[in-house]
Amino acid sequence: MQGPGDRGKDIYGAGDVRIENVPDSVIKHPTDALIRTTASCICGSDLHPYGSMKPEDRPARMGHEFIGIVEDTGTEVTTVKRGDPVVAPFAISDNTCAFCREGLHTSCAHPQANFWDGEPEEGGQAEAVRVPLADGTLVKLPVAPASSLIPSLLTLSDVLGTGYHAAVAGSVNERTRVTVIGDGAVGLMAVLSTKGLGAEQIILMGCHQERTDLGREFGATGIVAARGEEGIAAVRDLPGGHGTHVVIEAVGHLPAYDQALGVVRPGDVISRVAVPQYEKAPIGFGSLFRHNIRLAGGPAPARACIEELMPAILDGTIEPGKVFDANTNLDGVPAGYQDMADRKSLKVLVKP
Ligand SMILES: [Zn+2]
């Protein structure tokens, strides 16, 4: 622990992210671990409060994707120890309850289970983090914090698991034709994951060429840059017609949902993994019901996927860390938010 306190990121309102000295994170419960953060990042979902948070709301600690070194552990922690490099997923879970055993760690029934947003005094865009339920939440990494694999391993905390969950929730397999809506990090991870599951055709809908180029590298077989009716028509005109079996919605805004409705094939599925910025959307006769369209997805149980997806990163089969196109330290985080909001950066890696 250093100086007058750890430095962390607070968001005060739309467009107002500040680095501040905050009280030192300390062990509070015997199941906690204290992590010295070595790699963190800014998430596309962080841009939602960045774009809309009201100044009268209390400042919020930011960041839910991080890798670090265990600095201290509570007396009941057994799976990690001081000095271990670890990755934390974006949800805190015990890894033992009925939902965790079913691989749905984001619905963990433990009273301390939470998303990082729900931990007002902690956040991953900081020098140190208190991790509740450390045995369930943290996964030890087999590489050092300086490893070149760290950017890819950092994607296990959220975006890779989220893209993979989108594909699995949509039941993607070798016979599936897929449309991925959104060329942000999650959309690109969905492309990578659907490719890994053998999808026959992967259409990426996105209009930023450097991103869709990476999408092609990850396995997209076609790119549609147009949006709305024009974009829908372009997908429906593709060989096979009638849209695609699975549509992964990786944006979170209503127009993307409407676009998904437009390109999903009758009898098939829309899988949503971006945090929806709407509560009301068409589900009636003229939208989902008429053609037996199913709606799947939700917050990805990233914790469930970490052990499953890590080997492919370690052996170089996949390189999801390519989504990071900018690096900064804590002081550069406010500019990192703005660059992501302006679409100048795809995803910003933060080394506190
Ligand atoms: Zn649980």
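Leu160, Gly161, Thr162, Tyr164 and His165 of helix α5 are in contact with Ala302, Cys305 and Leu309 of helix α10, where contact requires C-beta atoms, placed from the backbone, within 7 Å. The residues of this contact comprise 5 nonpolar, 3 polar and no charged; Ala, Val, Leu, Ile, Met, Phe, Trp, Tyr, Cys and Pro count as nonpolar, Asp, Glu, Lys and Arg as charged, and the others, Gly among them, as polar.

Please note that this is a predicted model, in which local features need pLDDT of at least 70 and side-chain atom pairs pLDDT 80 or more, while totals for chains, interfaces and linings use all residues. Residues are numbered from 1 along each chain as its sequence is written.

How do the two helices cross? The axes of α5 (residues 159-169) and α10 (residues 302-314), lines fitted to C-alpha atoms over the stretch in contact, come within 9 Å and cross at roughly 95 degrees. The helices are therefore roughly perpendicular, the term for angles of 65 to 115 degrees on a scale from 0 to 180 between N-to-C directions. Helices here are DSSP runs of H or I with at least four residues, and strands are E runs of at least two.

I turn now to strand β14. All 6 of the 6 residues in β14 (residues 244-249) are buried, so the strand is largely enclosed by the rest of the structure; buried means 20 or more other C-beta atoms within 10 Å of a residue's own. Strand β11 (residues 177-181) pairs with β14 in the parallel sense over 4 bridges, pairing requiring at least two DSSP bridges. Val178 has Val246 in β14 as its bridge partner.

Conventions:
Parallel < 35°, antiparallel > 145°, perpendicular 65-115°, else oblique. Contact = placed C-beta atoms within 7 Å. Buried ≥ 20, exposed ≤ 12 C-beta atoms within 10 Å, placed from the backbone.
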